[in-house]
Amino acid sequence: MGQSTSTAASSGRRESNQSQLSKTKSKSLIYPMQIEYAEEQQGTIDGEPDYISKLPDECLACIFQSLGSGDRKRCSLVCRSWLRIEGQSRHRLSLNAPSDLLAMIPSIFSRFDAVTKLALKSDRKSESIGDEGLILISLKCRNLTRLKLRSCRGLTDAGMEAFAKNCKGLKKLSCGSCTFGAKGMNAVLDNCSALEELSVKRLRGITDGAGAAAEPIGPGVAASALKTICLKELYNGQCFGPVIIGAKNLRTLKLIKCSGDWDKLLPVIANRVTSLVEVHLERLQVTDLGLVGISSCLDLEILHLVKTPECTNMGLVLLAERCRLLRKLHIDGWKANRIGDEGLIAVAKGCPNLQELVLIGVNPTKLSLESLASNCKNLERLALCGSDTVGDAEISCIGAKCLALKKLCIKSCPVSDQGLEALAGGCPNLVKVKLKKCRGVTPEGAEWLRATREPLAVNLDNGAAEHQDASASDGGAQENVVEIPPPPPVHTQMEAAVPSSSTARSSSWKSKLGMVSILKRWSSGNSSSRGS
């Protein structure tokens with residue numbers, strides 16, 4: 001009798017639990033967020049322990065920061081707490097910045113209230129954010145350390161001045177295709193004493209007035225902190241002379257496609273700024289006089305001379321005699337034939353620490369290559385592109401002499417399979433060879449080298465002709481362009497907001513159940529391993 005009573009009671013409880021579970025599941029299909037909220041309060045999901053809800057916010061924030069932008073957005077849709085934590089832990093934000101962004105700024109930066117790195121990008125064909133929007137952002141993000149502006153043509157000097165006064169902790173400013181001028185730039189330099197990196201491209205507001213010289217820029221209070229300055233495609237880039245000369249701790253200077261004669265300014269810069277270790281000169285009006293000026297930078301380690309046809313062997317010889325710490329040298333001779341064996345032999349004798357050499361449109365011979373191999377014992381990366389004089393004999397010289405070489409790139413040179421044979425037994429430290437547009441090299445020859453020198457990586461590309469561009473680095477692209485890290489994926493203004501449709505709620509519910517399932521399997525796996 002007692003057993004039957006107990007069995008009946010147990011059966012009743014099971015039926016009651018099953019009925020209650022069925023009701024809960026049916027309700028969850030209709031009111032998923034209500035059920036989710038109730039179960040969050042109880043610490044369970046579908047009757048199972050919710051391990052995720054027990055994680056501290058700081059732990060979830062660390063996890064979110066290791067995810068990509070897309071995954072972060074998906075996680076923010078799982079539940080209210082994840083939405084809050086994801087917003088508060090996001091430090092980098094990239095926004096499309098049309099003029100109508102102004103109305104959304106309060107709501108965006110109420111959620112993303114910890115942003116320190118911000119990118120604002122506008123379409124060239126549409127009206128961009130203006131001064132009012134930028135000032136409002138500066139009031140919401142006073143801890144901003146990095147700002148990137150692209151095609152924000154609605155910004156004026158007044159807006160930049162107000163922004164600089166509100167965000168004095170700014171460390172990096174990058175602006176391109178904007179229309180504010182020297183006053184706006186000076187406002188940043190006068191207020192942001194922590195500014196370390198300044199990158200300016202196509203700043204339309206910096207032009208000569210009617211018969212008057214352009215307003216000089218700098219140095220300002222930022223001069224002592226500046227470590228990198230990059231000027232690109234500026235009509236009057238020389239008006240930045242004061243800030244360059246005043247930046248006593250400047251380490252990197254990049255001048256790319258800036259009009260005007262730089263021969264007079266470069267010597268002054270080199271005499272005043274003795275800390276320079278990296279200089280890029282690309283498509284500038286500069287001659288050997290400019291190179292002689294740069295030779296005063298005795299700590300120079302990296303030099304890029306790209307399409308500066310007035311620079312010759314003489315300038316390179318004088319520079320190599322003084323800049324003995326040079327580690328990386330990139331030369332694009334633009335087929336002018338003004339730099340050749342004489343200059344390269346001087347580099348070999350004067351710069352024994354050379355590790356990377358990229359030659360484009362330059363015609364070295366076996367003579368200079370032997371000198372480089374004999375004197376530069378640490379040469380690890382070599383790229384030869386568009387060189388009419390680099391054939392099988394020169395490759396054989398490289399294979400026999402360049403013992404430290406690890407990466408070799410050959411492009412558009414008269415090299416054949418016979419030259420590859422020298423690499424099979426030479427260059428004992430070689431790990432990667434790139435062969436591009438070398439018509440004498442066959443797929444069979446490349447495959448033979450690959451099989452002979454396992455695990456040597458051999459990349460062959462005999463595609464159609466294109467502009468000369470090569471590098472000995474992994475990326476395969478020449479390093480003479482502005483090295484700006486890729487921005488994070490662009491988010492629309494409110495695309496990460498809480499979903500309003502039942503479908504989105506159902507998806508977030510399923511996402512969280514999936515996470516719980518993963519944690520359950522992980523927990524059970526650990527339990528079984530401890531038991532065994």
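Modeller: Contact here means heavy atoms within 4.5 Å. With that in mind, and remembering that this is a predicted model, we can begin with helix 16 (residues 392-401) and helix 17 (residues 417-425). Two packed helices are described by the angle between their axes and the distance between the axes. For helix 16 and helix 17 the angle is about 5 degrees, and the axes lie 8 Å apart. Angles under 35 degrees count as roughly parallel, and helix 16 and helix 17 are therefore roughly parallel to each other. On the side of helix 16, the residues that take part are Asp392, Ile395, Ser396 and Gly399, and they meet Gln418, Gly419, Ala422 and Leu423 of helix 17. Sorted by class, this contact between helix 16 and helix 17 is made up of 3 nonpolar, 4 polar and 1 charged residues.

From this pair of helices we can turn to a pair of rings. The structure holds 1 aromatic pair, formed by phenylalanine 64 and tryptophan 82, whose ring centres are 5.6 Å apart and whose planes stand at 70 degrees, so the pair is edge-to-face.

Next come some details of the backbone, found in loops. Glycine 218 and proline 219 are joined by a cis peptide bond with omega about 5 degrees, and proline 219 sits in the loop between strand 7 (197-201) and strand 8 (228-232). Glutamate 454 and proline 455 are also joined by a cis peptide bond, with omega about 5 degrees, and proline 455 lies in the loop between helix 18 (443-452) and strand 17 (457-461). Lysine 257 has a phi near 55 degrees, which is a positive value in a residue other than glycine, and lysine 257 is placed in the loop between strand 9 (252-256) and helix 11 (265-272).

Finally, we can look at empty space. Rolling a probe the size of a water molecule over the atoms shows where such space is left. Across the whole structure, a search finds 5 cavities of 30 Å³ or more, and the second largest cavity holds about 80 Å³ of space. The lining of this second largest cavity comprises 13 residues, and those nearest its centre are Cys311, Asp332, Gly333, Arg338 and Ile339. By class, the lining of the second largest cavity divides into 7 nonpolar, 4 polar and 2 charged residues.

Key. Residues are numbered from 1 along each chain as its sequence is written. This is a predicted model: local features need pLDDT of at least 70, side-chain atom pairs count only at pLDDT 80 or more; totals for chains, interfaces and linings use all residues. Side-chain values use heavy atoms; hydrogens and water are left out. On a 1 Å grid over the protein atoms alone, a cavity is a set of points where a 1.4 Å probe fits but cannot get out, and a pocket is an open set with protein on both sides within 12 Å along at least five of seven lines; lining residues have an atom within 4 Å of a point. Grid points are joined across faces, edges and corners, and a volume is the space filled by probe spheres set on the points. Ala, Val, Leu, Ile, Met, Phe, Trp, Tyr, Cys and Pro count as nonpolar, Asp, Glu, Lys and Arg as charged, and the others, Gly among them, as polar. Axes are lines fitted to C-alpha atoms, for helices over the stretch in contact, and angles run from 0 to 180 degrees between N-to-C directions. Helices (H or I, at least four residues) and strands (E, at least two) are DSSP runs, numbered from the N terminus. Angles under 35 degrees count as roughly parallel, over 145 as roughly antiparallel, 65 to 115 as roughly perpendicular and the rest as oblique. Rings of Phe, Tyr and Trp (its six-membered ring) pair if their centres lie within 6.5 Å; planes under 30 degrees apart count as stacked, over 60 as edge-to-face and the rest as tilted.
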